[in-house]
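The following exercises concern a single protein chain.

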Amino acid sequence: MFARLRGADNKEDFKNSCDDLVRSYLDTSSVRGGALIVVQATLPKYSDDPYIFVLKCDFEQKIARISDECSLTSQVEMAISTRNMKSIQAKWEPEQVAEAAERIVEIKPEIELKFRIGDTLVKGRLAEFADQIHIAQLNGRYAVTLERDSFVFDKAFSPVELMQPEPFEVVAEADCREEG
């Protein structure tokens with residue numbers, strides 16, 4: 001199905017392949033309201049082959065009110081919850097993620113970035129990703145670095161508050177040695 005979408009060289013073939021994808025989705029048990037968006041794009045910087053992006057957008061009741069097909073396309077002020085967008089494709093390279101984040105930030109500068117690494121919640125703005133918020137792999141596990149001019153502890157006293165932080169290089173070197 002995806003090969004037909006990638007190989008579609010005219011609008012009619014692409015539309016027919018998209019219809020087949022939508023019908024397949026409707027036959028699944030996880031079908032919900034919202035929109036299924038299928039996009040074919042060529043990214044010459046990375047490959048001459050077309051990419052297929054399939055986005056599933058669930059509309060949250062408090063954000064979007066859609067009564068019929070026409071209002072879906074005509075309601076300009078409708079907000080789509082980006083946390084419910086899902087793309088079916090391989091993992092993106094960091095440069096691709098940074099570029100996509102940059103485009104989203106152009107449209108909505110204050111959009112939040114929120115994720116968990118283990119039990120730790122990280123909250124910031126998407127605009128800070130790849131500049132002040134970094135995600136990496138270290139010894140087969142995930143690592144997050146946060147850059148700021150200062151930090152403040154929110155709750156009760158802990159000995160961590162008394163620490164004079166070590167240089168990043170010292171911590172990174174120690175973390176790298178832990179595997180060996």
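Two strands are said to pair if DSSP finds at least two bridges between them. The model examined here is a predicted one.

**Exercise 1. Determine in which sense strands S5 and S6 pair, and over how many bridges.**

Solution. 
Step 1. Locate the strands: S5 covers residues 133–138 and S6 covers residues 141–146.
Step 2. Six bridges join S5 and S6, and the pairing is antiparallel.
Step 3. Examine the facing residues: Leu-138 is placed opposite Arg-141 of S6.
Step 4. Examine the turn: the hairpin of S5 and S6 has two residues between the strands, and Asn-139 there adopts a positive phi near 55 degrees.

**Exercise 2. Describe the span of helix H4 and state which of its residues are buried.**

Solution. 
Step 1. H4 contains 14 residues, and the distance from its first C-alpha to its last is 20 Å.
Step 2. This span is close to the 20 Å expected at 1.5 Å a residue.
Step 3. Gln-96, Ala-101 and Val-105 are buried in H4.
Step 4. Recall that an α-helix has 3.6 residues a turn, so residues three or four places apart point the same way.
Step 5. Strand S2 (50–57) is the element against which the buried residues of H4 pack.

**Exercise 3. Classify the two aromatic pairs and state how exposed their residues are.**

Solution. 
Step 1. A pair of aromatic rings is described by the distance of the centres and the angle of the planes.
Step 2. The ring centres of Tyr-51 and Phe-53 are 6.3 Å apart and the planes stand at 20 degrees; the pair is therefore stacked, because planes under 30 degrees apart count as stacked.
Step 3. Tyr-51 is partly exposed at 23% relative accessible area, whereas Phe-53 is buried at 16%.
Step 4. For Phe-151 and Phe-153, the centres are 5.7 Å apart and the planes at 80 degrees, so this pair is edge-to-face.
Step 5. Phe-151 is exposed, with a relative accessible area of 56%, and Phe-153 is partly exposed, with 33%.

How values were computed:
Residues numbered from 1 in each chain as written. Predicted model: local features only at pLDDT ≥ 70, side-chain atom pairs only at ≥ 80, totals over all residues. Heavy atoms only, no water. Phe/Tyr/Trp six-rings, centres within 6.5 Å; stacked < 30°, edge-to-face > 60°. Buried < 20%, exposed > 50% of the residue type's maximum accessible area, 1.4 Å probe, protein only. Helix = DSSP H or I, 4+ residues; strand = E, 2+ residues; numbered from the N terminus. Expected span 1.5 Å × (residues − 1). Contact = heavy atoms within 4.5 Å.
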